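I opened this entry to work through one protein chain. The notes follow the order in which I looked things up.

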Amino acid sequence: MSVSDLDPFWVEARAEFLAKGSTSADPSACGTCRTLAEAGNPVEHEGCAQRATLLHAPDHPHYEILAGFSLEENAKLPARFHVPVFDDCGKPNLWLCAVCQEEGVVTGWPCATATKYGTQVFTPHHTAETAQQKQQAGTVAMTDAITQAVAALRDMQALEPDHVKAAALYEIEMGLRHAAGTQNEVTA
């Protein structure tokens, strides 16, 4: 505990702040609390207050991917990736940036990018859920396209002569490449 934690001025200021209540309502808050928050007043119900939740963005790069890039390249990543992670293994324990790291070098949080972009670092829960749902829908669409391609291949193998099969296989392969977003050879 620091001296300022016990200072009567700061104790009183913290008590006043906590007594006022949040002036930000959660998107799922009741109508009364949303109206109060829009008017700049504290919410009436504690459960309707908007809370800060630390979520990684749905497209947050994995540690192994980040390890292949330099500290400067990682610092250029979008602000939503520069979230804090707690290092409980080091001495002393620290909050570090999730992406500002390279071999033997880590950056404390907030890093320069987090400081520069402020609130853009944190992904609101409802936004993160929406992005994740879009990714899941894309995955389902890709799975459906592959299932349809496999069915078309089976039908074609049963009915068509070899030269027609080869042409159709090429068209299906190009469709799969396009769906996967690559022009690399498709391997079985």
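I count two strands as paired if DSSP finds at least two bridges between them. Helices (H or I, at least four residues) and strands (E, at least two) are DSSP runs, numbered from the N terminus. On that basis I find an open sheet of three strands, ordered β1-β2-β3, with antiparallel pairing. β1 and β3 are the edge strands, each with a single partner strand, so one side of each has no neighbour in the sheet. The twist from one strand to the next averages 60°; the axes are lines fitted to C-alpha atoms, for helices over the stretch in contact, and angles run from 0 to 180 degrees between N-to-C directions.

Source notes. The model is predicted, and local features need pLDDT of at least 70, side-chain atom pairs count only at pLDDT 80 or more, while totals for chains, interfaces and linings use all residues. Residues are numbered from 1 along each chain as its sequence is written, and side-chain values use heavy atoms, with hydrogens and water left out.

Confidence. I looked up pLDDT, the predictor's confidence in each residue, from 0 to 100. The protein averages 77, and 80% of the residues score at least 70.

Overall layout. I list eight helices and three strands. Along the sequence the pattern reads α-α-α-α-α-β-β-β-α-α-α. Of the 188 residues, 19% are buried; buried means under 20% relative accessible area, exposed over 50%, and partly exposed in between (1.4 Å probe, protein chains only). The protein exposes about 13,600 Å², of which carbon and sulfur atoms supply 58%. Those areas come from the Shrake-Rupley method with a 1.4 Å probe, and for residues only the protein chains shown count as cover. Contact means heavy atoms within 4.5 Å. Of the contacts with a separation of 6 or more, 38% are between residues 24 or more positions apart.

Strand pairs. I then went through the sheet pair by pair. Strand β1 (residues 84-87) runs antiparallel to β2 and is joined to it by four bridges. Pro84 has Cys97 of β2 as its bridge partner, and Val85 has Leu96. The hairpin joining β1 to β2 goes through six residues. Strand β2 (residues 94-102) pairs with strand β3 (residues 105-108) over three bridges, also in the antiparallel sense. Gln101 stands opposite Val106, and Glu102 opposite Val105. The β2-β3 hairpin has two residues between its strands, and Gly104 in the turn has a positive phi of about 80°.

I checked the loop between β3 and α6, where Pro110 lies. Trp109 and Pro110 are joined by a cis peptide bond, with omega about 5°. Thr113 is in helix α6 (residues 112-117). Is Thr113 buried or exposed? Thr113 is buried, at a relative accessible area of 10%. Leaving aside neighbours within four places in sequence, Thr113 contacts Ala75, Leu77, Ala79 and His82.

Cores. I take a nonpolar core as a set of buried Ala, Val, Leu, Ile, Met, Phe, Trp, Tyr and Cys residues joined through side-chain atoms within 4.5 Å. The largest has 13 residues, of which Cys97, Val99, Cys100, Cys111 and Val121 touch the most other members. β2 gives the largest share of this core, four residues. Which residues does Val99 touch, not counting those up to four places away in sequence? Val99 touches His60, Leu66, Asn74, Leu77, Phe81 and His82. I also noted a second, separate core of seven residues, including Cys33, Ala37, Val43 and Cys48.
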